[in-house]
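User: I should like to learn how to read the features of a protein model in order. Please take me through one, giving the general idea and then the case at hand.

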Amino acid sequence: MLLVGVESGDEKYRKEIMKRNMSNKVIIDVFKKAGQRGILTWSFTMVGMPYETKKMLFKTLLLNWQCRPDFVMASIFYPFKGTELGDLCYKNNWVNLKKKNEVSSYAWESVLNHPNLSDFEIKMAKYLNSLTAIRSKYFWQLLVRRLEDKLKHGRKI
């Protein structure tokens, strides 16, 4: 299994803000070569990042679609104090302290008063990125197994 921290589909953002110097072409090629060798692939993506725009969210969605990963783990950015991006969010007063205290999992909710994106847009980007794995046969096998497990144990679907 190959786990790839794609993070963002915007090359400039990924290089300048995230300090991840890899092109979209390289990322796509890695997924392609792994798939050709029968290696399962995971794409890890982050949405709701500081300075991110709707166009950048779309670029991330498009990159995940082009990569054809078997699974996608899309998370929502969380501003950890002591990190460059976390401190930036606190400095710019983007962190909503009320939301921060109410959120039980940063993977599901943004705690930012994002300057460019609504909470709805961030959540939709998370779910749409996760759905880019829909073309993988493993996605469907996993879904069927989970449904069978629920039925087997008498749980509602």
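User: Does Met-1 count as buried or exposed, and at what relative accessibility?

Analyst: Some conventions come before the case. The model is predicted, so local features need pLDDT of at least 70 and side-chain atom pairs count only at pLDDT 80 or more, while totals for chains, interfaces and linings use all residues. Residues are numbered from 1 along each chain as its sequence is written, and side-chain values use heavy atoms, with hydrogens and water left out. Buried means under 20% relative accessible area, exposed over 50%, and partly exposed in between (1.4 Å probe, protein chains only). Met-1 counts as exposed, at 63% relative accessibility. Met-1 is placed in the segment before β1. Setting aside neighbours within four places in sequence, Met-1 is in contact (heavy atoms within 4.5 Å) with Ile-39, Leu-40 and Trp-42.

User: How many helices and strands does the chain have, and in what order do the elements run?

Analyst: Helices (H or I, at least four residues) and strands (E, at least two) are DSSP runs, numbered from the N terminus. The chain has seven helices and three strands, and its elements run β-α-α-β-α-β-α-α-α-α from the N terminus on. The C-alpha trace spans about 50 × 40 × 25 Å along its principal axes. Of the 157 residues in the chain, 39% are buried. Among contacts between residues at least 6 apart in sequence, 66% join residues at least 24 apart.

User: How far apart are the ends of helix α3, and what should its residues span?

Analyst: The expected span of a helix is 1.5 Å times one less than its number of residues. Helix α3 (residues 54-67) has 14 residues and should therefore span 20 Å; its end C-alpha atoms are 20 Å apart, which agrees.

User: Which residues of α3 are buried, and why are they said to line one face?

Analyst: Met-56, Leu-57, Thr-60, Leu-63, Asn-64 and Cys-67 are the buried residues of α3. Viewed down the axis of α3, they fall within an arc of 125°, so they line one face of the helix; the arc is that of the directions from the helix axis to the C-beta atoms. The face turned away from the buried side carries the exposed residues Lys-54, Lys-55 and Phe-58. The cover over the buried residues of α3 includes β1 (2-7), α1 (11-16), α2 (24-36), β2 (41-47), β3 (71-76) and α6 (119-130).

User: How do the axes of α2 and α3 cross, and which residues meet there?

Analyst: Two packed helices are described by the angle between their axes and the distance between the axes. Axes are lines fitted to C-alpha atoms, for helices over the stretch in contact, and angles run from 0 to 180 degrees between N-to-C directions. The axes of α2 and α3 come within 8 Å and cross at roughly 35°. Asn-24, Ile-27, Ile-28 and Phe-31 of α2 meet Leu-63, Gln-66 and Cys-67 of α3. The residues of this contact divide into five nonpolar, two polar and no charged. In this scheme Ala, Val, Leu, Ile, Met, Phe, Trp, Tyr, Cys and Pro count as nonpolar, Asp, Glu, Lys and Arg as charged, and the others, Gly among them, as polar.

User: What do the side chains of Ser-8 and Asp-10 reach?

Analyst: A polar contact is a pair of N or O atoms within 3.5 Å; within protein, one must be able to donate a hydrogen and the other to accept it, and residues adjacent in sequence count only if both atoms are side-chain atoms. Ser-8 is in the loop between β1 and α1 and is buried, with a relative accessible area of 1%. Its side chain reaches the backbone nitrogen of Asp-10 at 3.1 Å. Asp-10 also belongs to the loop between β1 and α1; it is buried at 9%, and its side chain reaches the backbone nitrogen of Tyr-13 at 2.8 Å. Leaving aside neighbours within four places in sequence, Ser-8 is in contact with Tyr-13, Arg-14, Met-18, Thr-60 and Leu-63, and Asp-10 with Met-56 and Lys-59.

User: What is the phi of Arg-68, and where is this residue placed?

Analyst: Most residues other than glycine have a negative phi. Arg-68 has a positive phi of about 55° although it is not a glycine. Arg-68 follows α3, in the loop between α3 and β3, and counts as partly exposed at 48% relative accessibility. Tyr-51, in the loop between β2 and α3, has a positive phi near 70°.
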